[in-house]
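Dear colleague,

I am passing on the structure below, and I would be glad if you would look at it before reading my notes.

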Amino acid sequence: MSGNEVAGEAAVAAGCRFYAGYPITPQNQLTEYMSRRVPEVGGVFIQAESELAAINMVFGAAAAGARAMTSSSSPGISLKQEGISYLAGCELPAVIVNMNRAGPGLGDVTPSQADYFQSTRGGGHGDYRTITLGPQNLQELYDLTYLAFELADRYRNPALILGDGILAQVMEPVRLKPLRRVRPAPAWALTGCGDGPPRKILSLFLKPGVAEAHNWRLAAKYRRIEVREQRWDEFQVEDAKLVVAAFGSSARIARASVQAAREEGLAVGLFRPVSLWPFPYQPLRRLAEGRRRFLVVEMNLGQMVEDVRLAVENRGPVSFYGRPGGGVPTPEEILKVIRKTYRGAER
Amino acid sequence: MSQTYLFKRTEGLQDAPTSFCPGCGHGILLRLVAELVWELGLRGRTVGVAPVGCAVTAYDYWNFDVTEAAHGRAPAVATGIKRVHPDRLVFTYQGDGDLAAIGTAEIVHAANRGENLTTVFVNNAVYGMTRGQMAPTTMLGQKTTTTAAGRDPRQHGYPLRVCEMLAGLDGVVYLERLALSDPASVRRIKAAIRKGFECQLSGQGFSLIEVLSPCPVNWNLSPVDSLTYVREVMSPVFPPGVIKDRTCQKPAPGV
């Protein structure tokens, strides 16, 4: 299966029965796959008139108690940010897949990680966070998309999958899970209030102090997520003098470079954040306490590197290598940077 | 001692003070919607979508499930709800800034898909909540806070007739425009909204009821003069009447 199809199939397995989308490269096969697959399992597929409409249809479906998803690529995700802010403010669960392409503007349809800030800092207006998971291969894309629905439900918060044009387009075998039983609509969902009190879903609080109290409550939730949901992967970091930090496709490429460096006798390891928000600050801080040098590799001008610096807190030098605008580094290219940076580590 | 009520708050409304200005039409229209939901026995099976604008606080008043929607996006939100729960009464209540400006794409495409929804469209020719800027529905020559010299078609275009715009779409079943200008019109408006709801309950498709509604504060008129304005100034530009009716007399299935 292609990555686009894998993300769609993972959603169906997780009990997603509502998908609304709009065409944009490089995620079109995802929308096409869902147009066939979701009705097949008794769900709803809508090709919306715009990204704005698609995310707001997802808002409605989530408010009505369905597991709902939309997907897009960078320019389309920008348009969805209004709806994502409302989902966060109204505490509605939904999953949004972003097959990141180059920007700014129309950019290019080639792979990119330039939406890291947009994904991990909220992205739209207001003080909020979205759970963001960064898979590096198709099995992980499948597993993390499935997990995203569980996390979105658990915390009543939108969850993002930050993929890229590589993950969207490559084909790999994937071990599938059995289809999860579709969960009933939660008690808070708008299904008609029966004989009970009316339920309201809103993010507008005009009475003095209420919006602030709402934000403090959200902050406490974000703190719980930060404590419980940090996910990461480490490769040969124990004795490493230089730790390469990368996520998603960059990490997959960088791992080959790290292995090649090891074969040259260099003590190099790889630290890979899997949850981009919450960012795994604690394990990275532990590594920094062991007098290591860090090299951050991203397909952008340097975004995750800011989180790495926050984690390292000047305990060791942090350098950056990036390719913006759809440039994809090769393992040899990263290996050259590793050699150069490593010489600094040995001084 | 027995008491006889001539008029009381419908159980479709909660006991909450409204935030509307004297002479505003929203209080009447929100109540009509609430009365209908209650009288049709659908309080427990209704989901309303509130707009951004003066009626944004509708969820404080309505005594049934309600969600907010981002400005203009109510028809997309309602589409999501209705597709998940096809057997519920789902409607949007939207003003003219919300529906006829920022939400034009959403209303046109929900209507064109023939979504089985009802929209109550309140046209008061200005952005009320933000204190009276020009709307797409503002009369030519009308003074607003962004058209101090009056709306000039060479600069600002013409009043947008939403019902006529939607009438050509095959997905649309029922469109009616009414003027809220005297007590008798209140009953006619209620009958039209009821027809829209029944059109949805019998699964016939998209309906929209447009109401020309007074906004005395932003029109700089008294409440009584505002009703005259609705009748004599707005109604010639937005002619009341049934714009489209392809409903058939199917009995409503048990909702």
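Predicted model: local features only at pLDDT ≥ 70, side-chain atom pairs only at ≥ 80, totals over all residues.

Residues are numbered from 1 along each chain as its sequence is written, and chains are lettered from A and ligands numbered from 1 in the order in which they are written.

Between the chains, 29 residues of chain B are in contact with 33 residues of chain A, where contact means that the C-beta atoms of two residues, placed from the backbone, lie within 7 Å. On the side of chain B that touches chain A, at least two residues each come from strand 1 (46-49), strand 2 (65-67), helix 3 (74-84) and helix 5 (104-112) of chain B, and helix 3 gives the largest share, eight residues. Here helices (H or I, at least four residues) and strands (E, at least two) are DSSP runs, numbered from the N terminus.

Strand 8 (residues 200-201) of chain A and strand 2 of chain B run parallel and are joined by two bridges, and two strands pair if DSSP finds at least two bridges between them. Lys200(A) stands opposite Val66(B).

Val33(B) lies in helix 1 (residues 26-39) of chain B. Val33(B) is buried because 25 other C-beta atoms lie within 10 Å, the cut-offs being 20 or more for buried, 12 or fewer for exposed, and partly exposed in between, with C-beta atoms placed from the backbone. Leaving aside residues up to four places away in sequence, Val33(B) touches Tyr93(B), Val120(B) and Ile193(B).

With best wishes
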